[in-house]
Amino acid sequence: MTLLRNASDPGPLFQYDYICKHGAILPTVNRKDFPHIIEHIPMAAWQKLSERFGSCPLVLDLHVCGQCQEYYGHLESKRKQEREEIQRLQSCREPETHFITEDWVSNWRKFLKSRTIYDGPPGPIDNKTLLTIHDGKMYLT
C-alpha cells in the first residue's frame with residue numbers, strides 16, 4: 001500500500017513475495033509480518049486496482065499453502081543434508097584434483113544459502129565447458 005500512497009503509477013499489483021502460485025501464503029512468510037505486508041480492501045477496490053495496474057492471484061484466505069509447505073520442507077531437508085555432507089567431505093583432506101564449473105558451484109551455493117521456495121538444487125553437474133576434445137583425447141580447456 002505504500003506504493004499506492006506515494007507513487008503516481010506504482011506498477012502492477014505484485015504479491016509473489018508472500019503469495020505462492022496456488023494463491024496461498026508462502027511457508028517462508030512469518031505471520032507476525034502480516035500487518036506490515038497485507039492490507040484488507042473491499043473486492044470492488046481490488047477489481048479497480050487490478051484493472052488499472054494489472055493483476056496477480058487473488059488472495060481470499062490467509063493460510064499457508066500445504067503443497068508449498070511440503071516442498072519447502074523437502075528443500076530445507078536437502079539443504080541441511082548437503083551442508084552436513086560438505087563438512088564431512090572437507091574434513092577428509094584428500095588432494096584437490098577434481099574440477100567443476102564455477103557456474104554450477106555458484107548455483108549450488110545459492111541453493112544452500114537460500115531461504116526461499118524458488119531456489120531449488122542446481123541440477124546435474126555439466127563439465128562440458130571445461131573439456132576440449134583433440135585427436136580423440138579430452139583436455140581441460
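Helices (H or I, at least four residues) and strands (E, at least two) are DSSP runs, numbered from the N terminus. E102 is found in one of these elements, helix α5. This is a predicted model, in which local features need pLDDT of at least 70 and side-chain atom pairs count only at pLDDT 80 or more, while totals for chains, interfaces and linings use all residues. Residues are numbered from 1 along each chain as its sequence is written, and side-chain values use heavy atoms, with hydrogens and water left out.

**Nonpolar cores**

- A nonpolar core is a set of buried Ala, Val, Leu, Ile, Met, Phe, Trp, Tyr and Cys residues joined through side-chain atoms within 4.5 Å; buried means under 20% relative accessible area, exposed over 50%, and partly exposed in between (1.4 Å probe, protein chains only).
- The largest nonpolar core comprises 13 residues, and Y18, C20, I25 and V29 have the most contacts inside it.
- Apart from this core lies another, of 6 residues, including L75, W104, V105 and W108.
- C20 touches L26, C65 and C68, leaving aside residues up to four places away in sequence; contact here means heavy atoms within 4.5 Å.
- In soluble globular proteins, nonpolar side chains tend to be buried together.

- Rings of Phe, Tyr and Trp (its six-membered ring) pair if their centres lie within 6.5 Å; planes under 30 degrees apart count as stacked, over 60 as edge-to-face and the rest as tilted.
- The structure holds 1 aromatic pair.
- The rings of W104 and W108 are stacked, because their centres are 6.2 Å apart and their planes lie at 10°.
- W104 and W108 are separated by about one helical turn, because they are 4 residues apart in helix α5 (residues 102-113).
- W104 counts as buried at 17% relative accessibility, and W108 counts as buried at 14%.

**Individual residues**

- E102 is exposed, with a relative accessible area of 53%.
- Between E102 and N127 there are 9.7 Å in space, C-alpha to C-alpha, although the two are 25 residues apart in sequence.
- S50 lies in helix α3 (residues 43-53) and is buried, its relative accessible area being 17%.
- The S50 side chain reaches the backbone oxygen of Q47 at 3.1 Å.
- D135 is placed in the loop between β1 (131-134) and β2 (137-140), and this residue is exposed at 69% relative accessible area.
- The phi of D135 is near 55°, a positive value in a residue other than glycine.
- Most residues other than glycine have a negative phi.

Conventions: A polar contact is a pair of N or O atoms within 3.5 Å; within protein, one must be able to donate a hydrogen and the other to accept it, and residues adjacent in sequence count only if both atoms are side-chain atoms.
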